[in-house]
Amino acid sequence: MDKKIALVTGASRGIGEAIALELSRNNIFVVGTATSDIGVKKIQEMLQVDTKGVGAGLILNANNNESIETLIKNIEETYGDIDILVNNAGITKDTLLMKMKEEDWNEVIDTNLKSVFKLSQSVIRKMLKKKYGRIINISSVVGHSGNAGQTNYTASKAGISGFTKSLAQEVGSRGITVNCVAPGFIDTDMTNSLSEDHKTQLLSKIPLGRLGKPHDIAQAVAFLVSDKAGYITGETLHINGGMLMI
């Protein structure tokens with residue numbers, strides 16, 4: 001296959017969907033993952049309509065090692081080696097620490113952070129051999145600012161930032177870049193469920209005065225995987241409308 005191959009996890013909606021579409025529009029063959037057959041069908045239909053079939057949808061349980069191994073093997077045997085990995089899949093299990101169940105802590109850490117380790121490890125050997133690769137990890141503004149009621153989610157996203165910096169140092173000499181994108185509050189299903197009062201409070205903290213759009217994140221990812229960003233690695237690109245300035 002002449003096109004570069006990208007794996008985008010959690011691609012059936014929101015930020016992941018926007019990333020998958022944007023990369024496809026940039027002449028990249030995208031494999032997007034979802035946790036259900038319904039999600040896979042949505043990805044395939046989305047890519048067929050928008051990019052004339054430049055891509056595919058596959059099942060992935062991001063916190064299951066066997067599912068990850070099956071996915072990578074399927075992609076390599078069917079389409080070829082993965083050039084670009086976008087670790088976007090994630091979940092929330094929000095509650096105050098004093099009420100948090102250990103299984104809720106473990107599930108969020110496994111899905112959001114451990115999956116980044118497993119998926120990156122699964123593709124890195126082939127990238128090292130080719131002396132080329134792009135890994136983009138989707139973090140969050142709360143991984144840098146903290147957020148009450150999200151100790152598990154915040155810990156997972158902060159961990160992604162440290163992981164990104166360390167891996168970038170390990171593989172940079174082989175032509176592989178590893179970067180992080182940290183979205184602020186984005187206009188997705190999750191923010192749509194917030195009350196109007198909560199939204200008003202959020203907007204008062206954002207200098208640009210609006211929620212971000214999934215496309216805002218997708219364009220940043222498209223830049224970081226392009227040749228234009230070939231000298232950028234180990235960085236976190238904050239996209240939050242000015243909510244957090246570092």
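Buried means under 20% relative accessible area, exposed over 50%, and partly exposed in between (1.4 Å probe, protein chains only). With that in hand, here are the close-ups.

This is a predicted model, where local features need pLDDT of at least 70, side-chain atom pairs count only at pLDDT 80 or more, and totals for chains, interfaces and linings use all residues. Residues are numbered from 1 along each chain as its sequence is written, and side-chain values use heavy atoms, with hydrogens and water left out.

**View 1. Helix 6 and the elements around it.** Helices (H or I, at least four residues) and strands (E, at least two) are DSSP runs, numbered from the N terminus. Which residues of helix 6 are buried? They are Asn-152, Tyr-153, Thr-154, Ser-156, Lys-157, Ile-160, Ser-161, Thr-164, Leu-167, Ala-168 and Val-171. These buried residues pack against helix 4 (102-130), strand 5, helix 5 (142-145), strand 6 (176-183) and strand 7 (236-239), a contact being heavy atoms within 4.5 Å.

**View 2. The largest nonpolar core.** A nonpolar core here is a set of buried Ala, Val, Leu, Ile, Met, Phe, Trp, Tyr and Cys residues joined through side-chain atoms within 4.5 Å. The largest one has 31 residues, and Ile-19, Leu-23, Val-86, Ile-136, Val-181 and Val-221 have the most contacts inside it. Among the elements that each supply at least two residues of this core are strand 1 (5-8), helix 1 (14-25), strand 5 (133-138) and helix 9 (214-224). Apart from it lies another core, of 26 residues, including Val-54, Ala-56, Ile-68 and Leu-85. As a general point, nonpolar side chains tend to be buried together in soluble globular proteins.

**View 3. The surroundings of Val-181.** Leaving out residues up to four places away in sequence, Val-181 touches Ile-136, Asn-137, Ile-138, Ser-139, Ile-217, Val-221, Leu-224, Leu-237 and Ile-239.

**View 4. Ala-229 in its loop.** Look for Ala-229 in the loop between helix 9 and strand 7. Is Ala-229 buried or exposed? Ala-229 is buried, with a relative accessible area of 0%. Apart from neighbours within four places in sequence, Ala-229 is in contact with Phe-223 and Leu-224. Arg-134 is 95 residues from Ala-229 in sequence, and the two are 9.9 Å apart in space, C-alpha to C-alpha.

**View 5. A salt-bridge network at Lys-126.** A salt bridge is a side-chain nitrogen of Lys or Arg within 4 Å of a carboxyl oxygen of Asp or Glu, and the whole structure has eight. Glu-76, Asp-81 and Lys-126 are linked in a network of them. The side chains of Glu-76 and Lys-126 meet at 3.4 Å, N to O. Because Glu-76 lies in helix 3 (residues 65-78) and Lys-126 in helix 4, this pair ties together parts that are 50 residues apart in sequence. Asp-81 also forms a salt bridge with Lys-126, with the closest N and O atoms 3.3 Å apart. Asp-81 sits in the loop between helix 3 and strand 4, so its pairing with Lys-126 in helix 4 ties together parts that are 45 residues apart in sequence. Glu-76 is partly exposed at 24% relative accessibility, Asp-81 is partly exposed at 27%, and Lys-126 is partly exposed at 31%.
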